[in-house]
Amino acid sequence: MADHTSAHSTFVVERTVNAKPARVFTAFSTEEGKQRWFAGGGEWKLLRRAMDFRVGGTEHLSGEWPNGKVTQFDARYHDIVENQRMVYTYEMHVNGNRISVSLATIELTPDGSKTRLKITEQGVFLDGYDDAGQREHGTGMLMDRLVAAFDEDMVKA
């Protein structure tokens, strides 16, 4: 019998985005918006993306890394308050192995012409495949990409 472990953790990632909440909400709630920032990086190759953004809806993203590792994100939306809040659960898989299950809350707060973005995540990290430090780092990198996407928009304007 394999040794199965569970490690629990909560973390918060906060950023300021150079856009009003409605535009930031669109970056989370539409496939077009998410394609700009929510994916692997570098040599990561998209395998499949699907999104049904509504309460009870699901999202799927999978891709392959140059070393052949396949990662998969599967989410279900539980609460959506337009331009203010999104609550969802998600599973992460690597090469078909479930590595974590998380509850995430994204809060958008107006700050003049900008938005304060706060993500709170509570996760269980399974069988030593992942840990909260890695996930917090990865979430921070994704939020940096989101911020950069809006900063690029400002430069183009």
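Lys-34 lies in helix H2, residues 31–35, where helices (H or I, at least four residues) and strands (E, at least two) are DSSP runs numbered from the N terminus. The structure is a predicted model, in which local features need pLDDT of at least 70 and side-chain atom pairs count only at pLDDT 80 or more, while totals for chains, interfaces and linings use all residues. Residues are numbered from 1 along each chain as its sequence is written, and side-chain values use heavy atoms, with hydrogens and water left out.

With a relative accessible area of 5%, Lys-34 is buried; buried denotes under 20% relative accessible area, exposed over 50%, and partly exposed the range in between (1.4 Å probe, protein chains only). Not counting residues up to four places away in sequence, Lys-34 touches Ala-27, Phe-28, Arg-49, Met-51, Glu-59 and Tyr-77, a contact being heavy atoms within 4.5 Å.

Phe-28 also belongs to the largest nonpolar core, which has 32 residues; Phe-28, Leu-117 and Leu-146 have the most contacts inside it. Such a core is a set of buried Ala, Val, Leu, Ile, Met, Phe, Trp, Tyr and Cys residues joined through side-chain atoms within 4.5 Å. At least two residues of this core are supplied by each of E1 (6–17), H1 (21–29), E4 (70–81), E5 (85–94), E6 (97–111), E7 (114–126) and H3 (132–156). The largest share, five residues, comes from E5. Beyond its neighbours within four places in sequence, Phe-28 is in contact with Lys-34, Trp-37, Met-51, Phe-53, Met-86, Ile-106, Leu-117, Met-143 and Leu-146.

Strands E4 and E5 run antiparallel and are joined by 10 bridges; two strands pair if DSSP finds at least two bridges between them. Within this pairing, Arg-76 stands opposite Thr-89 of E5. Three residues separate the strands of the E4 and E5 hairpin, in which Asn-83 adopts a positive phi near 65°. Strand E3 (residues 58–64) also pairs with E4 in the antiparallel sense, over seven bridges, with Thr-71 of E4 as the bridge partner of Gly-63. The hairpin of E3 and E4 has five residues between the strands, and Gly-68 in the turn has a positive phi of about 95°.

Arg-15, in strand E1, is partly exposed at 25% relative accessibility. Its contacts, leaving aside neighbours within four places in sequence, include Leu-117, Met-143 and Asp-144. The side chains of Arg-15 and Asp-144 are joined by a polar contact of 2.7 Å, that is, a pair of N or O atoms within 3.5 Å; within protein, one must be able to donate a hydrogen and the other to accept it, and residues adjacent in sequence count only if both atoms are side-chain atoms.
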